[in-house]
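This report concerns a predicted model. The sequence and structure are shown below for reference.

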Amino acid sequence: MQSGLERAAVSPPLLYSYSSPVLWVVPNTVMSYVFNSRVSVRSLTCSSTQKQVLCEVPAQNDSIIRYAVPASLIDLLELFDGTRTVEDVTSMYNRAHPDSTYSVESVSTLIQDFCIPKGILHSQAGPPVVPEASRQKGYLYFKMKLLPHSLVYPLARLMGVLFWKPVFILLGSLILIAHVVAYFFLIPGRHLNINDIAGRPLLDVTLITILAALFHEFGHASALARNRCNHLEIGLGLYLRFPVLYTDVSEAWKFAPMQRVLVDIGGLYFQNICVIVLTGLFFWHPSPTYLYCIILIDMSMSLSLNPFLRMDGYWLLADLFGIYNLREQSIAVLKYLPQLFRRNRSVRPQFLDMKKNSFIALCVYTVLSFTFFTYLVIIATYQTIFYLLPAYPHLWSSFFSALRHEPSFSNIGGGLFHIAWKTAVLIGCLQFAWRSVQKTIGFLWRWISGHLSRTPVEELSIVREVNGPAKEA
Amino acid sequence: MPEDKKACDQTLEEFSIMELDERLEFVAWCDDCSCKPKTA
């Protein structure tokens with residue numbers, strides 16, 4: 001909730017005349033503002049041809065909202081020192097930068113719509129607004145914190161030794177050897193079939209792969225914790241149809257690109273270390289359980305490398321090409337396509353200011369990810385309708401049957417986990433379907449209402465925008 | 001979409017400002033292979 005002072009700072013400035021009931025509205029161009037000293041500004045290395053900065057704004061619940069902002073704009077906003085008005089600052093900036101396109105009106109709109117509500121500037125009359133935590137739509141359907149910063153950070157600092165160069169080289173070589181041994185000598189000839197795992201081995205495999213996934217998360221956390229950080233937590237979530245463990249590494253935005261890449265690959269590096277341990281365990285106690293775990297861990301890692309899902313491969317690709325908000329920018333490319341056929345185009349999208357190689361990468365990514373998601377929706381719909389839904393009641397009946405006839409710990413534990421997993425997957429699929437239906441209806445509604453609400457004059461102006469002005473007879 | 005958010009989004013687009021994504025690095029511990037039909 002905003003306080004009265006905060007609301008006053010957000011609302012357009014008004015001067016109240018005590019002698020008369022009439023309100024005198026003072027244009028905000030003559031108001032003076034202050035740049036919020038709690039806002040942190042640092043350089044952001046990215047693919048843009050314009051110099052960008054990372055602007056970190058403190059928000060409610062000890063969270064931080066991060067923006068990529070053109071450096072020129074921050075230079076302008078930092079001129080607000082509490083004495084200068086919008087007119088002063090704009091003219092001062094434009095004198096120093098003759099090629100500037102900022103006008104008093106546009107800066108004034110920016111301040112009212114963004115800088116004040118988001119706490120970047122504030123009026124002399126009161127403190128800056130502390131905005132609500134980011135309202136960005138999360139990409140996890142369900143999110144639950146498992147390990148807090150106070151626990152993760154010290155452990156992650158300790159594990160940071162695994163990134164020490166000699167250790168990194170040694171373990172890297174062992175990872176390679178373990179994979180060669182497992183896939184060329186141990187697995188062939190053993191007729192392993194993942195569908196055969198049941199009962200106690202299923203429980204063991206599940207526990208070991210979950211522990212490996214947790215270690216994966218510590219890999220990201222350790223890479224981040226090598227530099228000081230204030231927010232590092234590990235949690236559980238549901239992404240598309242996958243139950244996932246996550247680490248919040250948002251502070252990595254302030255790192256140099258190669259440090260961000262290290263955070264991205266840190267998880268895979270740690271999970272690969274588990275393969276070394278499991279190969280060693282197999283020699284000590286040759287149980288196929290360890291081999292199943294190696295296969296499943298490698299499957300999990302290959303899934304993580306898929307750049308179209310927001311997993312390690314996505315962040316790796318985004319950081320290697322310096323494209324922030326890769327998904328958002330690829331959607332912007334798709335949305336921009338119809339505008340290529342219009343004369344009257346809206347605002348120039350950011351991706352047009354990218355360096356050439358990043359722009360090409362973004363276009364290729366857009367085409368491939370569109371194809372991938374179309375395929376994914378078809379497959380997910382097919383599997384949900386024909387396999388998951390019909391088999392779901394049977395899952396419960398076989399669990400209750402096992403409970404009556406063989407109520408062992410492994411049967412109950414394995415059965416419960418299996419039911420929880422399938423339920424989570426089913427909820428994820430149904431939520432995805434519900435969101436898709438909502439979006440389609442919303443899109444159709446906006447499209448139809450937009451067409452119905454246009455007057456004949458508006459229709460004529462749209463036709464003129466598209467076709468150009470009618471020629472005089 | 002509320003009007004104030006719409007206005008804010010338009011302004012951000014106009015000034016080439018972008019709210020950066022929350023970076024959640026995550027891993028699924030297993031592809032849901034049990035979704036596939038069981039082999040005989």
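The sections below treat confidence, the sheet, a helix pair and the contact between the chains.

## Confidence of the predicted model

The mean pLDDT of chain A is 85, and 87% of the residues score at least 70. Within chain A, helix 6 (residues 165–186) has the highest confidence, at 97, and strand 1 (residues 14–16) of chain A has the lowest, at a mean of 39.

The pLDDT is below 50 over residues 1–25 of chain A, a stretch with 28 contacts in the model beyond near neighbours in sequence. Residues 462–473 of chain A also stay under 50, and the model has seven contacts for them beyond four places in sequence. Where pLDDT is low, the predicted coordinates should not be read in detail.

## A sheet with strands from chains A and B

An open sheet is formed by four strands in the order 4(A)-5(A)-6(A)-1(B), with antiparallel pairing. Its edges are strand 4 (40–44) of chain A and strand 1 (18–19) of chain B, each of which pairs on one side only.

Strand 5 (residues 52–58) and strand 6 (residues 64–70) of chain A run antiparallel and are joined by seven bridges. In this pairing, Cys55(A) stands opposite Tyr67(A) of strand 6 of chain A. Strand 6 of chain A is also joined to strand 1 of chain B, by two bridges and again in antiparallel fashion; here Ala68(A) stands opposite Met18(B).

## Packing of helices 7 and 8 of chain A

Two packed helices are described by the angle between their axes and the distance between the axes. For helix 7 (residues 199–225) and helix 8 (residues 257–284) of chain A, the angle is about 140° and the axes are 7 Å apart. Helix 7 of chain A is therefore oblique to helix 8 of chain A. The crossing of helix 7 and helix 8 of chain A is right-handed.

Residues of helix 7 of chain A in this contact include Phe215(A), Phe218(A), Gly219(A) and Ser222(A), and those of helix 8 of chain A include Leu262(A), Gly266(A), Phe270(A) and Cys274(A). By class, the contact comprises 10 nonpolar, seven polar and one charged residues.

## Contact between chains A and B

The contact takes 57 residues from chain A and 29 residues from chain B. On the side of chain B that touches chain A, helix 1 (3–14), strand 1 and strand 2 (24–28) of chain B each supply at least two residues. Helix 1 of chain B provides the largest share of that side, six residues. By class, the side of chain B that touches chain A has 16 nonpolar, three polar and 10 charged residues.

Definitions and conventions:
Residues are numbered from 1 along each chain as its sequence is written. Chains are lettered from A and ligands numbered from 1 in the order in which they are written. This is a predicted model: local features need pLDDT of at least 70, side-chain atom pairs count only at pLDDT 80 or more; totals for chains, interfaces and linings use all residues. Two strands pair if DSSP finds at least two bridges between them. Axes are lines fitted to C-alpha atoms, for helices over the stretch in contact, and angles run from 0 to 180 degrees between N-to-C directions. Angles under 35 degrees count as roughly parallel, over 145 as roughly antiparallel, 65 to 115 as roughly perpendicular and the rest as oblique. A crossing is left-handed if the near helix is turned anticlockwise from the far one by less than a right angle, and right-handed if clockwise. Two residues are in contact if their C-beta atoms, placed from the backbone, lie within 7 Å. Ala, Val, Leu, Ile, Met, Phe, Trp, Tyr, Cys and Pro count as nonpolar, Asp, Glu, Lys and Arg as charged, and the others, Gly among them, as polar. pLDDT is the predictor's confidence in each residue, from 0 to 100.
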